[in-house]
Structure formats: C-alpha cells, structure tokens
Amino acid sequence: MSHVVVIGAGLGGLSAAIRLAHAGLDVTVLEAQDAPGGKMRTVPSVAGPVDAGPTVMTMRGVFDALFADVGARLEDHVTLEPDHILARHWWPDGSTLDLLADAEDSADAVRAFAGPKAERQFRRFSTATAALFEGFDGPVMQAARPSFAGLVAHVAPRPAIWRAMGGVSSMAARLAREFDDPRLRQLFGRYATYVGGSPYDSPAVLRLIAHAEARGVWRVKGGMHRLAVAMAGLAEAKGATFSYGTSVRRIETQSGEIVAVHTEAGERIPCDRVVFNGDPRALATGLLGDRAQGAVPPKAVEPRSLSANVWAFAAEPRGVELAHHNVFFGADPRTEFDPIAAGGLPEDPTLYVCAQDRGGAEAPAGPERFEIIMNAPPARGEPEDIPSCRTRTFPVLARRGLRFSPEPPDAALTTPTGFSELFPASLGSLYGRSPRGLLSAFARPTARTPLKGLYLAGGGAHPGAGVPMATLSGRHAAEAILTDLASTSTSPQTAMRGGMSTGSRIAGPARSRSSPS
C-alpha cells in the first residue's frame, strides 16, 4: 500500500488528497497553517471571518466533477448561489457597467453603456472568447501534459479558433482592434490579472478568461473558505489524515526515490509518494532539500507573476450601491501597469472591491465584510510603503463615492512581503509563473516531475492559477500517481478500492520557510 504525503492543503492538494484517499491509498496532508485552503483563507473581523484570498468561483463543473468522481455531491457540502451580476464596473467619469449572467442582458447593458457599435463588438468578442475557451479546454486545461504541437493539431481544423487566438499579439493590442471604446478595452484587459499578468505583455489568448466568467459566477454561502473546508472534510471522510500547524523541512530520497518527509518539528514520515502543493519555486530554490531542487527547472517558475496589496476587514459602507464584485478603474491602465512593471506601486490603480455580504435580495445591516485588492509587483526585499498603499486605496475610493466607517487599520493589509512570508520562495507572486509570452501556458511545471515519487499541484503548476485551475491540477497529480502505481504493480494485493473516474493568511508571519500553500 502506497503512502502519499500531500504537502499543503490548498485546493490543489485537497483535490489530490480526495481522489487518492478514495482510491484506497494511505494519504497524509501536512499543512503549516491552522486551517485548510492555502491562499483561500480568512481573517477574523467583527462581522465574522472575512475571505482574504480568491473571491470568484467560476467553472463550477470542475467541482461538481470532483465530488461526483468520488461518489459525493457538491451541493451536499456547500451552498452555491449564482451571481446575477457578474461584476459591477466603475470609471472616473462616473460611468458604470454591469456584466450579467444572461448574455443577452450583458449585450443590452453594453449597448446602453457605449452604443450599438459597442454592442456589436461585444457580441463578436463573446463569440471569439467562447471559441477560444472550447478550443483550449481539452488540449490544454484538461490535458496532463499539454504541448503546443498538440494544441495546433486540435485547432488547425477550426479556423474560428485560429482567428480568435490573436497570434503573437498582446492582450491589450488585440482588444484595441476589437473595441473602439477604451473603457471596454480596459475592462476586458483586466482579465489578464486573473492569472497574474499585465494586458500589455500577456498573450491575446487569455481573453478566454472572460468566457469562463461569462459562463457563470457563483457565491459560496458563508464565504469562499467554506469550499476549502468542505473539500478537506470530504478528504477526511475518504480516509485522509490531516496534520495542521505542521511545516515541512525537507524531502528525503534514497537511490533517487522519495522515502520520507521531515517536518520542522523533527518528525520523519516515511512515504513513497509526495504531492507538493506549494509554490514550485520553493523546490527550485532548494527550500525542501538539494535532491528535490532539480525537480523543477528555473525557467518553469520565472518570470514571476503579479502580487497584490490586499485589505480584508469589516466596516459600514457609505455611498455607491455595491454588487458582490466591484471594479473601480483608474483613468489610464498604463498608469497602473507601467509603474508595476518598474517595480513600484501603481500611480492610478484599479481597485477590486469584494462586498462579501452583498449579492442577495437585500444589503445587510451593520458592518459588512470587504476585501480590496490592488495589483502590485512581487516583493523586492525592501520595506513597503504602507501609507502610500493606503492613500492609493481609501481616498481614491472616497473620490469615487465609496467610504468605509471605520477605515481598517494597517494590520488589515497584506503586502507582497507579507505574502512572501506566508508562501515561502513565492516572492509574494500570487499566481506562480507570469503568463508573459505566447507559450507561457506550456512553461509551467506539470504534475509529474523528474524525481521519482514527487508530483506537483496548485496554482504554480499546470494548468495554472485560479480556483478551478488549481483544483484541476490536483486531479492531474492524482491521476499521475495512480497511473504510475498501476504501471509498476506486480501483485494483485496492490489493487486500490473505490476506483476513480477521469471525466472531463493574510496577516501574520509564516511558521517556517517551507510553509505550503
């Protein structure tokens, strides 16, 4: 019987643990923090736990499939509520635009916002992004080891996808040809930040993210962290064992194979398989030992993605009417992304405001929970200018009509340095490797590594960043392990029960250098 140690209880690690435990393997999950979720975490507030990580759930089918593959139902573990308003967008000139769950409603909203020509351009854009999504889903996102050649073979007979891909154009350049209205270019360019990139150096193909959101956005009742808790509970129900507050110091190998994991507390845990659900850069930089260092080449983790300054707090809002997801744009995206590219704070940032308690029939009374995200460069190893971060957030929102009472204290802010401490070797980059360049989707490390017995899961591995993508990475890792075990099996006693379908901390220091994500 194989013993698998999963380092990190992020969504990738949880997804792998669920499937492996269901298949009958002995699974131990080691998590440095005191709760599951990795970046999907909460901080306390007077209004209850505030989500302080991912806030948007798309591609619900990924989670339905995960639970169904192990004989469970997602709806028995969490309550999901569809968002009618995908996001509410605000510009400095006072204009606003809601993108809506119904595609026709969105087209009508764009027409009212920017005129009939903009509506026609939006409809063409929606058709193109749908083609991109369908073209990339199978050969890239769902594939364990995607290749550019495989993608070419898949899309060659489909000229609509070729046209939509945009060749070597950047996302911003392609959008400039698709939309006359600069506000719409700015709106759809922000989807590059969903995977940690700038629209000026991310490939045009990432426009497909807009379709992933257009297919539906879901609120998790009680907050996004409830999804991580539900996944951990399912893994435990399948037989996985969790050890929280347990940091890993190194991975031990003998004769080129994994034999144990050593914790910071000095415990040696024998195992023959490891799923690493941290930033792959931790392996590449030797944080988990010399033997594991060669398992991830530097080019698979560099260049780094964006980081962020994140406020998570409770307060009473005043002013504009908020939806669940709100985006307050600056006047010129260049004044956001050019300073970030140079390593500084944006001059005129776009501010994302998640009103966690909004989206239902009525706005709640009293303090509400909020998460505000401002894009930022990776940590530079220098003291960060928290006052400047504050002035780029709350006075900017106040000028746009949104005020909070009280304003949150500095302790409610996590900077790139804070994220770097929470997720060692990440440099605070929240999305792993940058999506810069046409072939960036094929540069991330895949689940199976050159070190026998070591597998990767999480947003830093294929298929990349984002809640559904990290969850898919766990499926890839689990399938790789089960395939490898089956190919080396020499005895019927190693048959695994259950089987598996293959269908389609914000505040506070890290506990150790190898705290998983």
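What is the order of the strands in the open sheet of three strands with antiparallel pairing? In this predicted model, the order is β10-β11-β12. Strand β11 (residues 257-263) is joined to β12 in the antiparallel sense over three bridges. Within that pairing, Ala 260 has Pro 270 of β12 as its bridge partner.

**The parallel sheet**

An open sheet of five strands shows parallel pairing, and its order is β9-β2-β1-β13-β20. Here the edges are formed by β9 (241-244) and β20 (454-456); since each has a single partner strand, one side of each is left without a neighbour in the sheet. Neighbouring strands of this sheet are turned by 20° against each other on average, again with direction ignored. Four bridges connect strand β1 (residues 3-7) with strand β13 (residues 273-276) in the parallel sense. In this pair, Ile 7 stands opposite Phe 276 of β13.

**Strand β6 and its partners**

Strand β6 (residues 85-90) is mostly covered, with six of its six residues buried. It runs antiparallel to strand β7 (residues 96-100), to which five bridges join β6. β6 and β7 form a hairpin with five residues between them. In the turn of this hairpin, Gly 94 has a positive phi of about 95°. β6 also pairs with strand β15 (residues 325-328), in this case in the parallel sense over three bridges. There, Trp 90 has Phe 328 of β15 as its bridge partner.

**Buried residues and their surroundings**

The following table lists individual residues with their relative accessible area.

| Residue | Relative accessible area | State |
|---|---|---|
| Glu 178 | 14% | buried |
| Ser 305 | 1% | buried |
| Cys 354 | 4% | buried |
| Cys 389 | 2% | buried |

Glu 178 lies in helix α7 (residues 171-178). Because its relative accessibility is 14%, under the 20% limit, Glu 178 counts as buried. When residues up to four places away in sequence are not counted, Glu 178 touches Gln 121, Phe 125 and Arg 207.

Ser 305 is located in the loop between α12 (290-293) and β14 (307-319). Leaving aside neighbours within four places in sequence, the contacts of Ser 305 include Val 195, Gly 196 and Pro 378. Ser 305 is also in contact with Ser 429, Leu 430, Tyr 431, Gly 432, Arg 433 and Ser 434. Ser 405, by comparison, is 100 residues from Ser 305 in sequence and 33 Å from it in space, C-alpha to C-alpha.

**Cysteines**

How many disulfides does the structure hold? The number is zero. A disulfide is a covalent bond between the sulfur atoms of two cysteines. For Cys 354, the closest cysteine sulfur belongs to Cys 389 and is 17 Å away, which is too far for a bond. Likewise, the closest cysteine sulfur to that of Cys 389 is in Cys 354, at 17 Å. For a disulfide, the two sulfur atoms would have to be within 2.5 Å.

Notes
Residues numbered from 1 in each chain as written. Predicted model: local features only at pLDDT ≥ 70, side-chain atom pairs only at ≥ 80, totals over all residues. Heavy atoms only, no water. Helix = DSSP H or I, 4+ residues; strand = E, 2+ residues; numbered from the N terminus. Buried < 20%, exposed > 50% of the residue type's maximum accessible area, 1.4 Å probe, protein only. Contact = heavy atoms within 4.5 Å. Pairing = 2+ DSSP bridges. Axes fitted to C-alpha atoms, helices over the stretch in contact; angles between N-to-C directions.
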